[in-house]
Amino acid sequence: MNESTVIRTRGLTRYFGGRPAVYELDLEVPRGTVFAFLGRNGSGKTTTIRMLLGLLAPTRGGGSVLGCDITALTPEVRARIGYVAEDHPLYGWMTVRESGTFQASFYSRWDEKIFQNVIGHFGLKADRRVKELSRGQRAGLSLALTLAPDPELLILDDPALGLDPVARRSLVESMIYLTRRADRTIFFSTHQLADVERVADRVAVMDDSVLRANCSLETFRNQVRQVRLFFGGTPPAIPPVPGLLRAVRLERELRLVCVQANGGQDAVLKQLGAERIESAPLSLEEGFLCFLGERGEQPFILSGIEAKYENSGI
Amino acid sequence: MKTLVSKEIRETIKLAVLGALCLTAMLVLSYYNFSAQMRELLLGETDLRFPLQPLTGPEMRQNLMFFCVIFGGLLGWLQGHHDRQQGLWGFLLHRPVTLVTLFLAKTIAGLSLYALAAGLPLLVYITWAITPGHVAAPYESAMLLPVLAFFLFGLPFYFAGMLVGLRPVRWFGSRLIPIGAAIVIAACATVLPEFWQALLWLAAGTATLAVACAGSFHPQDGPAGRPAASGLATALALAAGWCLVFLVAGVMLGDVLGRSLPGRSWFYYVTGKDGMIYRVTRSSPGRTQITDLKDQVVLDPETHGPISVSGLQSRSSPSETVFTGSISERRSARWWSQAFAGNHQYRATPGAVWFYLPKLGRLAAYDTVTRRFSGTLGPEGFATNLAGSGAHFSGIRGDVFTTPETLYRVNVYERIVRPWFAVPAGEGPLLGVGQLHDREGLDHTIAATSNTVYIIHPDGGVEGSTPYQPSHPQYPVVRVCKLEPAGRFAIWFEPGFQTNQAAGFTLPARVQWINGAEQEASVELPVANRPSTASLDPEQIALAIVLPPLALEPLRWISGDPHFPAWKDWLQVSLPVTILIALPTGLWWMRRYRLARQTQLAWGFFLVLGGFPALLALFTARGWPARVPCPACRRRRVVNRGQCEHCGARFPGPARQGIEIFESEALVAVGSGPSEQAGVAPPSMH
Amino acid sequence: MALIFNISAGSTTPIYRQISDQVRLGVATGKLAVSDQLPSVRALAEDLVINPNTVARAYTDLARDGVIETRAGRGVFVTKKRRVFTREEGWRRLAPLLDSLLGEALAMDFTQQELREAFENQLSKWKPAKGTDHE
């Protein structure tokens, strides 16, 4: 079985009490992609991942991973999925070597060379106890344990959390390593947009339990654009611009970030009577911030202080 | 599997070692006490308060029981709890093995450690204790049964502990419920008649808890995908645990009810030293009336007020009750009591300890120096082997040894047996023997044949007697009260409870006063303690309300109380409450959450049998989905169903905000509704 | 390979554009000569620690614009001829640089004549890249 879609959910929903943590999630992850799963804390990423791995029962809806229903993952399918959970849970009393032996006993495709390479990469000594490892080293061990069985699908739940830049780089390198084979898929959640920019093909964005974006990285960058409108005097009130993410009013300028919708946007902008309209590029991080931040007009953050200056006559 | 087992062992070995050390310390302490006792005996201290067979000491047994129960429970809990930390649980469950394998690995590791930590020290100790030359006391394999039972009690507690550790429940109180189930399992095991039945019961209970554990390993916290067997096992375990909670609640409720409600009044008789009979009537706690047989309140000659209960106590005569029937035997027909009845530690003499062996009917001597068997005493005298000439006693009452026709006194110092009282020829065998102790230490012996009740003075002479048969053929209870002045007695003949119950409680008690062989007077009195046949006590009603029909029979066994209400009376209260409250509540609950019809049927059946505990088990067996207002009809609907159970509206898709960026990558079709697609067309990339 | 790539994530320029820009610049400035071999997609991806698809995307753009070509089984090479930028794109890139240069120079009170001479002078030191076709 070699489906082109490795993860597929339909209306996947999970409530905690009366609050939906994940609401009607429809998600498909094509084989061979590096898929970044983004969103703020508490937006439902971890819940989704735990459901995908059958560790948490969906309230309704469902899905499949590698063609197998997520509520009934067989050991065979699990063997093909590498999973690095949040905070890299491992048995603290084991040594690095023991962890490897423990893990190896479950996988027929265990590749000791990969394991040794990755732990070497993270500077891990084989006889150290897991509980004595730093966070970055735990991440490294976790990754080594997950990569060595040569998983078809790698699911990483915020692997970069709390890692120093060096460890983070090693993490990204490990992910790049996995893409050597075109049929390997990586599904990872993270807050590190620089890493996303380096490795991701596609991004999906969760916002308060709902999926808001699912597109290629390129499309995301193209769609979230910043427009600067310069005016002779005080800028007018901001009309309802379709897809508006954020608006900042400056003295003679309106700075709008919006999702480029089907053309209607430009017409609205033209009506504002700006002297000049300029497109200003956004970095991925800024675009993401706008996408998930508070919507609508944002008062300039120092406007209150400026008002004071005016009052005192400066 | 192997690595999983070794991982489990590694994680629990510390507790196991700790447990083994605890048990070893306990056993060593027990041995130390035993040695101290032996030393005392050698020094001539002949007070025998301490059990000389370490295996049968009550302290040892109690400690052992608590140890096994706590150790087993802790071991299971640790194994369940250790991996339950959020992340590790996911790590463990993501192993590419079946969940049953995970469960088995845990269990194999846990039970092996339990067997080693608890079993090994015990085995060593037992082996030592039963090897002749170590313990100056008789050994029988039956003595090991309670030890074995306690060891096995650890198993239900092990799985109960694991269940406590594993079950993800929000309501903390219900986490501990499986422990209640283990307590119920262990308690019921002790009231069964035969040991093999107890073994079977323990096995069944343990298996139920184990299956419930295996099911809790399932990562699904909802009902989906969980095997039906483990659902059933969990329901049973929880119901049993809740039964215990309800039993406690019912007893407390009954206590309150009994205090506040005008309870059914009951009375009993007290025989005064002068031979007068007082009737003590209690209507509710605190309200006691002491009257004479003409219902006149008895006044205290000094205070001129009614006499108090304590005042009555000082007036009452010493008495002894002898059963000539087999009631007493029937009541204690439990392997438990039999195992504990064990051997009677009789007396210590310089150099020897004497035991009465009921099975053999002889006194056995054990040398305190060699700690080996040295001989037996039977009716015919001393013998160096166990069986002697084959003659044996039929029982022992205080200092008096009996055979069917003769009472003996034994001098263990001289190793002499002396016939002391013989039943006159032609009167048939002795039916019951007792010793009437009084405050002066003058112990009369009561001996009843089917014709006569004899009251025998400590020097062997018959001090009083009265005919028994044929006037009271079915009255197996003979109570003798020692009156003043010496030589006077009041003898009560009472029907047995079951006999009287069969006769509708119409049989009276008969009292015969005698002075020596002279028959003074007699009177027939309505039997005391007559229970009302019409209704239950408030206490019993409280129990019947909260406890289900299913718990009735076990409760009867456990209580061992002959006054326990008949099942008809019980069901009159229990069944209506169950059917009118527990069943409808459960059905309403299940309808609300739309359980499958089969599940509803099974639970409904269980609810009828299981009453409130089953209802609580239903509530706590799984997590229940929340309910949120339906946007279409505004009524609250269950979130785990695709559509509203009231109006059929589906849950709306996520509200669009106009900022969605969805891009199909040829094969990817995202979005559930056609109209909701506010996404944008992909830009041309090539 | 003479070219050293310098990639930064978090910039306003997408990574694939950073790569293609740096190749174009290398060609334009002569750091990359015709028939110079570029690293393979895989090698460059692992060297820069980026997704190979990103490198592939940059190479595709470059190949489309005729800056490089892929020779089957041998690798990626800088091609012989053709402009690396369209004229229009060239101007677009040049304009801000000129603005910046002239702005600074004029601010430092250089005369226009001085600047012309300096420009001519400097220009004569640069050899046009061999084989580059200036129409």
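Before you select anything, recall that pLDDT is the predictor's confidence in each residue, from 0 to 100. This is a predicted model, in which local features need pLDDT of at least 70, side-chain atom pairs count only at pLDDT 80 or more, and totals for chains, interfaces and linings use all residues. Residues are numbered from 1 along each chain as its sequence is written, while chains are lettered from A and ligands numbered from 1 in the order in which they are written.

**Stop 1: confidence in chain A**

Colour chain A by pLDDT. The chain averages 86, and 92% of its residues score at least 70. Helices here (H or I, at least four residues) and strands (E, at least two) are DSSP runs, numbered from the N terminus. Residues 307-314 of chain A have pLDDT below 50, and beyond near neighbours in sequence this stretch has one contact in the model. A contact means that two C-beta atoms, placed from the backbone, lie within 7 Å. Where pLDDT is low, the predicted coordinates should not be read in detail.

**Stop 2: a four-stranded sheet in chain A**

Stay in chain A and show the open sheet with order β2-β1-β4-β5, paired antiparallel. Two strands pair if DSSP finds at least two bridges between them. At the edges are β2 (19-30) and β5 (68-69) of chain A, each pairing on one side only. Strand β1 (residues 5-16) of chain A meets β2(A) over eight bridges; to see one pair, select A:Leu12 and its bridge partner A:Leu25.

**Stop 3: where A meets B**

Select the contact between the chains: 52 residues come from chain A and 45 from chain B. On the chain B side, α1 (2-42), α3 (86-93) and β24 (661-662) each supply at least two residues, and α3(B) gives the most, with five. What is the make-up of the side of chain B that touches chain A? It divides into 23 nonpolar, 14 polar and eight charged residues, where Ala, Val, Leu, Ile, Met, Phe, Trp, Tyr, Cys and Pro count as nonpolar, Asp, Glu, Lys and Arg as charged, and the others, Gly among them, as polar.

Then zoom in on strand β10 (residues 210-216) of chain A, which runs parallel to β24(B) and is joined to it by two bridges. A:Ala213 stands opposite B:Ile661 there.

**Stop 4: the nonpolar core**

Move to B:Leu163, B:Leu209 and B:Cys213, which touch the most other members of the largest nonpolar core, a set of 142 residues. Such a core joins buried Ala, Val, Leu, Ile, Met, Phe, Trp, Tyr and Cys residues through C-beta atoms within 7 Å; buried means 20 or more other C-beta atoms within 10 Å of a residue's own, placed from the backbone. Helix α5 (residues 144-166) of chain B gives the most to this core, with 14 residues. Around B:Cys213, show B:Phe103, B:Phe159, B:Met162, B:Leu163 and B:Leu166, which it touches, not counting residues up to four places away in sequence.

**Stop 5: strands of chain B**

Finish with the open sheet of five strands, β5-β6-β7-β8-β9 of chain B, with antiparallel pairing. Within this chain, β7 (residues 362-367) and β8 (residues 373-378) share four bridges, with B:Ala365 partnered by B:Gly375.

Lastly, select the hairpin of β12(B) and β13(B), with four residues between the strands. In the turn, B:Arg415 has a positive phi of about 60°.

Key: Buried ≥ 20, exposed ≤ 12 C-beta atoms within 10 Å, placed from the backbone.
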